[in-house]
Amino acid sequence: MTAVLLVLGGTVIYLMVRDYIDNRYIGFAVRKTQLELELLQFESILRYTVLHEESAWERREPPPSSVVEQFAAQHGHILLQQHPDFPPVLALGDVTNERPAQTFAPYLAMTREFDYRVGPYAVLKGPDAVTGYFYTPDYSFMSIYPAPASGNPLDAGDAPSVRALLDQIRPDIGDLSKKKTLRRLETERELILLPPITDRFTGEQVIRMVLPAFADGTPFLIFVRTIPVRLLFDHPAQEPLDDEISLIVDASGKVVLDAGPAGRDSALKARVLRTKPWAPGRQGIERRRLGGLFIASAPVSHVGWTLVYAFTWRTVLAEFWPRITLLTLAVLLVIGFLWTILLLLDRKIFKPGFEYSRRIFESERLNRMMVAAAPEGFALLLFESGDILLESDAMRSYGANAHPDERPLRFQLLELYDRSPDAPAWQSGLQLPCRLANGGVEDLLVSLVRTQYRSVDVLLCSFSNVTKLKNTERKLEEARAAADAANHAKSAFLAMMSHEIRTPLNAILGNLELLGRSSLSPAQSERLHVVTSSSTALLDIINDILDFSKVESGQMTIEAIRFDLAETIRQVGAIFAPMAHAKGLEFECMIDDSIAPYYLGDPTRIRQIVVNFVSNAIKFTETGNVLLEVYHKDETVEGSPVMIGVIDSGIGMTPAQQETLFQAFVQADSSIARRYGGTGLGLALCSRLTRLMNGSIIVKSSLELGSTFVVSLPLRVDTSASAPAADSGEKRVERDAAPAGTAALRILVVDDQPANRELIVAQLDLLGYRADMVDSGATALRCFNEQHYDVVMTDLNMPGMDGYTLARCLRGQGATTPIIAVTAHVGAEEQRRCEDAGIDATLLKPILLDAMEQVLRRSIGTEAFGTLPPGDRTAKRDISQGPLPPGVHAALKQSLGESLAKLQKAMGTHDTQAALDTLHAMRGSFALIHEAALANACAQMEQLARDDDLAGVEEMLGRFETLAYETLVRRQGAVSA
């Protein structure tokens, strides 16, 4: 390996050096080609110029007289410039009496034209593109292009005339007076290329190209093209180094041009010249190697010159010694590394091999002993067959004590493993019940891993006994279920008690309502007002407790119906404005113009939150003002939350009081309940309702400076189209056409339960309305088409055509009459269905007279009607409380019997839907007469029927039947009495 690495390193170095030498020769070839191309370019320009002047010499027009006159006036010199962008040409001539300026007119004309012809080329290619001079064979006239920057050279003093100047600078091309020389120059058109000299006009080294111009066999001008040496070697293929040389020699071996840097080693030049690389007749590039000297030579075109390039090993080493050093070090490092590895393998692997094998054997034996002695279940099974390779004593014990009817434990473990393609190899947390021979069952927590052992797929099984843990979990689950049941029982009890308390309160409020409309003395009126206020406050507390219990038990649902937020806020403001003014407070309700016409949300809960905040603001403010405002958090952002703010100048709160503000049954100060009243439940309920609507509440308050409550609600704008304006107008006209009095209005009552119909008609009669009653939707349609009705009041759940279908049929006929639904339950789903069917309003059983009258007046548009005289009201009894009228009682008793019979039949045939319909109808009947206990019992049996528990319904039915008939006897007894 050492030898291979050394040979490889030497080969790489050899290839690198060879490539470098080849690249140098390639650079020489490129340089030679560039030199030839540049000389050819300069020669082509000179030949073109001479040919052009020869062809135009005899046909050229004389110059303007002004040029000759100026030439004569300046004693034989003139600066000619045909265009300001072209370099000027200096024309010089020896003007004498024997040879006046006019004799130089042809040369002046040629000079003017020469400047105009070569000027654009000089501008395009640069100032060195065309340089030189031309002169007459008699040395009396010359033109210099471009004109010397130093001015007229005749003014220098060393050359007083053109002849004297030409004697100093003209090239030696032979004696032009000899015919042999002229014939050679004219016929062969030989271009004379002269060695470099220092140009008199520019001061730099130049090579001269000379070519005479002939006319009729006689030369009339000699053109000298000067080529700066720097142009020939301005772009070498490679940068010259100190140990390389580039020369141009002529055919005699004389160095024409040394392109190397100044101060070059003359010994290297002499050594190269001794090889005589300029042998005549040689073609192409010749490469030679003499000792440590590398030489490349090639003739340069036809001028008889030879380009010579040479370099030595020092040049190669100067270039490659860093890379050669790095490569040598790398090879040595690799060799050292390999020897180190071999020594380490010998010491660390080969020698310890036997020792390591012995330790592996001992380790496996120890592992087997550890597996056998493991306190938990442990086994190694063949993945395909389930044969045991290793097992612990615990595994063996479970296998021995297994129930005889059960499959062996090893097969149960094998079947427990999930073999699907996407299942993980390590499966943990698996549970396996193990039946024992004594009949007991123990729970095992199993972990399975698929792996390999001795090149065979195996299943590594481990398990532990978690029977005690599972028993504990079961007890905890039972405890949690018991706690949930207790919580539900608590919520149900709280709801039941609230209903039970609210039922007599409704009776109290109803009778107080009737009593208030009778003739009373001032003292009686004042006491009645106190009792009514206290009863109303008690009902509000009961309602808050009921709502709070619903929220805490997760039974509170938030609706998402279409409503007018601005109108909702205005209604709250209208309620509290008189209270604030009566207290001497300034009350203002401000609604931003950016509020949309309609939103989707729960207007009831929003109204409840705003009422709580405004009520507290008025309660805790003695002087000053209360502001209720609604606006968008950011009007520029679409879907920005709606902000409802309540600001007061009341007593304010400390930071410590604000921390407990939204806790249930907690007030900011213990004296508040004594001074202002309240339970501390309203704000806690507001907080929970806001969270249910995904909103938030921000509170800012300072003691004695007032408080600010801001509710942020992410309400969605309802973009659905509103009802056409024409329909609204039609309905308005129809209502306005009604006579000015409730007795002139006719109402159609639709309900399949006779008792419900009788009770609603009796309540309407008490309010002063005339009513007709029918028992089905089809009959209602027929009656509606036979005569005019101002309102239709219908039950929603009826056999055959229900209330929704009846409403859709009426709207389909184009009827605009208000439709009011009477139901025992209205949730978000029922509300949506009512809106879709065209129902205008809903009345929730049990129905108070004021609630019925408000809904009727709002639906019919009779707010302007006067109320009935008190005597009319006192003459009629409130049939929703106390004794029932004979007709209502008889209908209710008959309906109860029929419903019980239908219910028994439905349970006998397991007809759940029939049972649900019958229970719902009974629930509505008892809700109408304010028998909350019976209505709740019907609701509970409905839930049991929905859960398909007809046995539970039958069990409750016996108690319900007894209670129902006792209630009817009680309500009838009151009438008899």
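These legends walk you through several close-up views of one predicted protein model.

The model is predicted, so local features are described at pLDDT of at least 70 and side-chain atom pairs at pLDDT 80 or more, whereas totals for chains, interfaces and linings use all residues. Residues are numbered from 1 along each chain as its sequence is written, and side-chain values use heavy atoms, with hydrogens and water left out.

**View 1. The whole protein chain.**
Start with the overall picture: the protein chain has 28 helices and 30 strands. Helices (H or I, at least four residues) and strands (E, at least two) are DSSP runs, numbered from the N terminus. Of the 977 residues, 43% are buried. Here, buried means under 20% relative accessible area, exposed means over 50%, and partly exposed is in between, with a 1.4 Å probe and protein chains only. The protein chain exposes about 50,600 Å², and carbon and sulfur atoms supply 56% of that area. Accessible areas come from the Shrake-Rupley method with a 1.4 Å probe; for residues, only the protein chains shown count as cover. Among contacts between residues at least 6 apart in sequence, 64% join residues at least 24 apart. A contact means heavy atoms within 4.5 Å.

**View 2. A salt-bridge network around R117.**
Which residues are linked in a network of salt bridges? They are E53, R60, E113 and R117. A salt bridge is a side-chain nitrogen of Lys or Arg within 4 Å of a carboxyl oxygen of Asp or Glu, and the structure holds 26 of them. In this view, the side chains of E53 and R117 meet at 2.3 Å, N to O. Because E53 lies in helix α1 (residues 2–56) and R117 in helix α3 (residues 105–125), this pair ties together parts that are 64 residues apart in sequence. E53 is buried, at 0% relative accessibility. R117 also forms a salt bridge with E113, at 3.9 Å, N to O. These two residues are four apart in helix α3, so about one helical turn separates them. E113 is partly exposed, with a relative accessible area of 30%.

**View 3. The salt bridge of R288 and E286.**
Here the closest N and O atoms of R288 and E286 are 3.7 Å apart, and the two residues form a salt bridge. R288 counts as partly exposed at 22% relative accessibility, and E286 is partly exposed too, at 23%.

Look on the surface for D947, D948, D949 and E955, which gather in a patch of negative charge. Patches are made of residues with over 30% relative accessible area and no salt bridge; like charges are joined within 9 Å, and nonpolar side chains (Val, Leu, Ile, Met, Phe, Trp, Tyr) within 5 Å. Asp and Glu count as negative and Lys and Arg as positive, while His and the chain ends are not counted. The place of a charge is taken as NZ of Lys, CZ of Arg, CG of Asp or CD of Glu. D949 sits in the loop between α27 (932–946) and α28 (950–976) and is partly exposed, at 32% relative accessibility. Helix α27 also holds Q940, a partly exposed residue with a relative accessible area of 39%.

**View 4. A nonpolar patch of leucines.**
L326, L329 and L332 make a nonpolar surface patch of about 310 Å². L326 lies in helix α8 (residues 313–373) and counts as exposed, at 59% relative accessibility.

Is T918 buried or exposed? T918 is buried, with a relative accessible area of 9%. This residue is found in helix α26 (residues 912–928). Leaving aside residues up to four places away in sequence, T918 touches S899, K902 and L903.

Y145 and P146 are joined by a cis peptide bond, with omega about -10°. P146 is placed in the loop between β4 (141–145) and α4 (162–169). H75 is not a glycine, yet has a positive phi of about 60°. H75 lies in the loop between α2 (65–73) and β1 (77–80) and is exposed, at 71% relative accessibility. For H910, phi is near 55°, a positive value in a residue other than glycine. H910 is in the loop between α25 (886–908) and α26, where it counts as exposed at 60% relative accessibility.
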